[in-house]
Every structure is written in structure tokens, then in C-alpha cells.
Amino acid sequence: MSTDILTISEAAALIKAGKLSPVELTEMCLSRVKAFEPELHAFVTLTEDRARADAKKAEAQIKASGPTSPLHGIPIGLKDIIDTKGILTTCQSAHNIGNIPDTDATCAAALDAAGTVLMGKLTTHEFADGGPSFDLPWPPSRNPWNTQRFTAGSSSGTGAAVAAGLVLGGLGTDTGGSIRGPAALCGIVGLKPTYGLVSRAGVAPAAYSLDHIGPMAWTTEDCALMLQALAGHDPADPASANRAVPDYTAGLGKGAKGLKVGVLSRWHETDRPVAPAVKAGIDAAIAAYDSLGAEIVEIKLSAMHEYNAAGFFISTVERGAAYERMMLKNPEKFGQRYRDRLVFAALCTGMDYVQALRRRRELIAEMAAAMAGVDVLLTAGNPDEAPPIDQVPRWDNLDKPNFTMAFNLTGMPAICVPAGFGPNGLPISIQLAARPFAEAMLLRAAHAFEQATAWRDRRPDMLGLAKAA
Amino acid sequence: MSETISTEAFQVLLDRAGISVSPANMEEMRSAYMMLQAMRERVRQPRGYDAEPAHIFAPAGR
């Protein structure tokens, strides 16, 4: 069997043309799961029987009347904080051992309705926070580019599974960068949509006003295809926006000519200077946009620390509120890292929280004003290549600002796109952000950059082992 | 540079929340608390009336 890994759009074209069956495609993915999962730990629960049943059902439907969507018959995975009817949903926590939901989360149901093949539930940090933990019932996921390296988190299993081709796409959640971080370190594309665009109903909260659900896939086009199935109003989510859903693929292929790209140099040069390879990737991206006919302008915002400070108090206190009862009743069931995060919630006051909300109001206004004059903002996705998994700082949310939280705080859509490799052969990334609900523009700009580079042609070396075998 | 919290003050906050931590863990968290203080100083600044965390009924587009 070939170990070539298809993108969603490539597989969809072959399925539509009758040259590939969902059953065959699913077996390809399952064979890679068998080969690499023992090293990657990307799955909490592999739903092999469900995947084969979904694939057979899709195959029969497609034979009878053709595919109903580009996702019909496509193997995907879901981060294990997303409820799935009749399937263990652990949040990677001893608190949830044996938790089998009665219903699907809205986002899971949307992908099911689009005809996807559910391969399983993917590794996360405990309740989507805290970092790689070795004291939980399941091990942390490993990076396919080097299994001694961190995937970032908390959508760590989704990042690893997509990069290794165990699934063609997956869902992550993002409260401070949990889609974009793993995308950056695993060398894939991760899109955090606008707050309210994708329903959070049926997804375990991390921090209510910062939580987002979004697609992770090999290409921007694949993310667009997934977002098309996910976006839309859901009365079950109090934050869900009720507005028309545009065609997210409409701008793909239109290039970047005439776009205005705002560069947030201060963030990656001064506030948190990035590694030389990341800086080179950003500079190459700026040059690529310039050569594609985009206008490059410098954008000045408050220090990244300001966005992170407000985000820290909001996320910490909202997380504490969400899991207070568990913390008071059975704190020993949490892993050390997550338990420490909950302890910090006790150290924050109500006044801290309100002042952070007030600061958020100012920072949203500031960023909205800056974005009014550009189509996308550009900065780093992550400051460096993936660190060794056993050297991830315990207080990384306190120590230095990250490049992703600002867009959780403001709710604006942001995407991480591969931008090369560092000296250790590991992926580096750029991050683009856009105005609220401007995902079509964001995807267009990301796609233009992606098409101008060859970074999508390279997969993790470990996959070559299967060919040799 | 912000100062970290005293053991006694730290214990008061934990007691208020009904949470207990081991002595060793408390020392580590006390040292990390200094970073929290630095962020607190950023958010707890005087702000204008327009920074009110207002809620909105039936916002346009929803």
C-alpha cells in the first residue's frame, strides 16, 4: 500500500472522480496509525470500528449519488475535549475516566453530517491546558518531526496526527493558542476562527470568553473546506454569531495582489525576539507578499505583554470557575500542571478579573483600529522550533508572552502557516490575523503565501520508515 | 521587580478558596507568583469610562 499522504482536497477530487474509495483511504490512514501511533501517542481513543463503518457508509452513499461535500469519506479526528455520542471523551483527565456523552458536540455533528470518517479522539493537555504532563492516565503526544520534541498544545494530538497523516484533518480548540501552537510546531496549518463563528456547544470549556473551535489540516485549502462545514449559528452556544456563512474557498487562488499586509515587527523583534530561523521565515514571508503585489506596512500596537496579561487573568479565573467543584472535591485527580493552574485561579481577585476585562475593551479597540487599515496582520506563530518535550517550562503562561493570546483576547481570526524549517530540521511558522469574520480574506492571504513556497512538499522523516518497511 | 507573596498571605488566599497545596509546591508557586504580580501591575492601571466591561443586548449581527 502506498504511504503517500493525500490532502483533503486531493482525496476529495479522487473520490469524486471514482478513483479512490473512502474505504481504501481509511485503510491507508489506519495502516499509518498502526505504524506510528506507538511512538506518537496522538490518540486517546482509536475508533477503528467506527471508522470502517463510516467509510463503508460513505462509499455506498457516494456510489449511489456522489459525494455530498468535499469532506465526504475523509478520515478526521477530534480533540478529546469534544463530546462524541457513545464514545469515551476524557479531556485527558482522570476526572473523566468512563465519561461517555449521550450526544455529539455541535462541531462533531457538523463534521459527521458532512460525511467524514471518525478515526478517533485525539490527545490534549488535561482540560486543554497545563502543558505536557506525564502523570495523567494517557501520555502526551509526540512531534512527528522528532519524537523527543514537544508538539505544543493543547491540541497536541491533532497536530501530530495531521502531520503524520494518521488523519487528513482534525479539530482543535484554542483558548490562548492551542490550535496555532501545535500547527506551528508540527508543521501544519491551524485556523482559530472569529469568536462565535463555530459553536462551542458540547466542548469542555477552558475559559468561556476565550474558547474557540477550529480546523487543523495540511493546507489552508483543507482548513477552508473544514471551516465551511463548521461555521454557522447554533442557539446552543450563547456566544454563537447569527450571520450568513460565506464561501471560504472563494478567495483561494486570487493571490495577494493589492492586499495590505500589516507587519507587527515590535512583537517578534522587541517584545519577544524570535529565533533567527523564525525571523528569517517572517522576512521571507514579507518578501513573498511583496513579490506577489501586496503592500507591506508597519503596524504599531501595545506591547504583546499587555495582551497576554489581560488574557492571563481572564483565562485563569474563568478556568478556575469552570473547574472549581472538581478542584475542591477531588484535587488529587488532576495532574500536577493543571492543578497548579487552578491554584493560581485562587490567587487572582475579582478586581484582577474586572480590570482585565476593562483592559480587554481597550485592546480590542486598539487592534480593531489597526486592522481597519490593513487586510491581514503578520507576526510569528511561535518564537522558535519545538523544544524537547521534557524541557517545557512549567510556568510558560506566566514567564513570557506568546504570540497567539492577543487574538483570543480580541476574538479576531488568526491562522498559523508553515514558513520553513529551523536548524534542527523542525518546522517554523508565521501567523496571520484578520478582522472579525474575515476568514475568507485570511484564508486567501494564507493560501497565497503557501502557494508561493514549497513547504507543503515535505513531510516528517519518520514517515519514510514506512516506505522502507 | 515585583516582590513575591509571603507564605502567610499566600495561605490566606488558599484558605479563602478552600484549596490546599503541599509545602514544597507552595514554595514553587510563591516564586512563580512574582510573575503574576508583574501582569497584575499591567492590568490594574487607571482607565477611562469607555473601558467599562459593558454587556450588550441584541447586538447587531447576532
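Me: Which residues do ring pairs link into a cluster?

Reply: A:F127, A:Y323, A:F334 and A:Y338 are linked in this way. The model is predicted, so local features need pLDDT of at least 70 and side-chain atom pairs count only at pLDDT 80 or more, while totals for chains, interfaces and linings use all residues. Side-chain values rest on heavy atoms, without hydrogens and water, residues are numbered from 1 along each chain as its sequence is written, and chains are lettered from A and ligands numbered from 1 in the order in which they are written.

Me: Why is the pair of A:F127 and A:Y338 called tilted?

Reply: Rings of Phe, Tyr and Trp (its six-membered ring) pair if their centres lie within 6.5 Å; planes under 30 degrees apart count as stacked, over 60 as edge-to-face and the rest as tilted. Here the centres are 5.8 Å apart and the planes stand at 35 degrees, so the pair of A:F127 and A:Y338 is tilted.

Me: What makes A:F334 and A:Y338 a tilted pair?

Reply: Their ring centres are 5.4 Å apart and their planes are at 45 degrees, so the pair is tilted.

Me: Why does A:F334 count as buried?

Reply: Buried means under 20% relative accessible area, exposed over 50%, and partly exposed in between (1.4 Å probe, protein chains only). A:F334 has 3% relative accessibility, so A:F334 counts as buried. A:Y338, with a relative accessible area of 1%, is buried.
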